[in-house]
Amino acid sequence: MRYTALVTGADHGIGLALVRQLLEEGHQVFAGRFNPKEQALSELAATYGDRFILVDLDVGNDASVQAAAAKVKEHTDSLDLLINNAAILGDIETTVLGELNFEEMLQVYNVNALGSLRMTNALIELILNSNGRTIANISSEAGSVGQCYRDSWFAYMMSKTAVNMHSNVVHNGIKAQGGQVLVLHPGWVQTFMRGEKDSAATLTPEQSASKLWGIIREAMEREDRPLEKPVFLDVDGQVLPW
C-alpha cells in the first residue's frame, strides 16, 4: 500500500533515514527541513520528483508550523502518517546540585514536547481524513518515569515524558475516529545531537529507521487498529514502562 507521510526533523540522522526509506518503498513524503544549509534533502528532489516535497519547518515556532501545514494542504487533503521526530538535547551534565539553565529547558521543552503537539494539532484534519490515520511520536527511554536512573538530563527527559503523556491524550481523542498514536524509542543512535557524531552508539540512523518503520508499518496494517491504548515500544518492539 502506498502512503502519504510527513517526517519532521528530516535534515539528517533518523529523520533523513526515515525519509529515504519511505521514498525507496514508493511512498509520498513531505520532509520537514529546519536548516536550509543542509543539502541532503535537496539532493533527493532530483531523484524522486513529485513524490518528495520539501517543507521548511521549525516545530518550535507556531507560524512556521502553520505555514508548513498550509503547504502540505496545497498538495493533499489527507495524510496517512505523521512522524514527529524533531528534537533537541539540551544540557545533559548538570544535576540539581549545580546551576540549572531554565531558559534552555524551556527551549528544549518547546521543541520536543510542544513541537510534536503543534504538528499534530495543525495536521489532525488531514490525518483523520486518510486511510492510515497514524501518528508516530519518536520519544525516548529517557522519558520513562518507571525506569528512570539518570541524575541529570532534566530538559530532555522531562520533555520526552511530556511527549508520552500528550501521545496518550491525543490517542484518547482520536481513536473513536480510527486514529492511533505510537510512541517509539529509536535506540542509541549515531547522531549529532551532542554536537558531534556519537560514534559509540550501537545503531546507525539507517538501522534505527528501518526498525522504526517496520513497527509503524505493522501497526498501520493491523486489522484491529486503532489500538485501544497507545503503546510505548523500543526499537526492537519491546514494551517500555511509561
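Mentor: On a 1 Å grid over the protein atoms alone, a cavity is a set of points where a 1.4 Å probe fits but cannot get out, a pocket is an open set with protein on both sides within 12 Å along at least five of seven lines, and lining residues have an atom within 4 Å of a point. Grid points are joined across faces, edges and corners, and a volume is the space filled by probe spheres set on the points. This is a predicted model, in which local features need pLDDT of at least 70 and side-chain atom pairs count only at pLDDT 80 or more, while totals for chains, interfaces and linings use all residues. Residues are numbered from 1 along each chain as its sequence is written, and side-chain values use heavy atoms, with hydrogens and water left out.

Trainee: What volume does the largest cavity have?

Mentor: Searching the whole structure gives two cavities of 30 Å³ or more. For the largest cavity, the lining includes Asp91, Leu100 and Trp153. The volume of the largest cavity is about 60 Å³.

Trainee: Which residues line the second largest cavity?

Mentor: The second largest cavity has a volume of about 50 Å³, and its lining divides into three nonpolar, five polar and one charged. The residues that line it are Asn84, Asn85, Ala86, Asn112, Ser116, Asn137, Ile138, Lys160 and Val163.

Trainee: Which element gives the most to the lining of the second largest pocket?

Mentor: Helices (H or I, at least four residues) and strands (E, at least two) are DSSP runs, numbered from the N terminus. At least two lining residues each come from β6 (180–184), α6 (205–220) and β7 (231–233). The most, three residues, come from α6.

Methods. Nonpolar A, V, L, I, M, F, W, Y, C, P; charged D, E, K, R; others polar.
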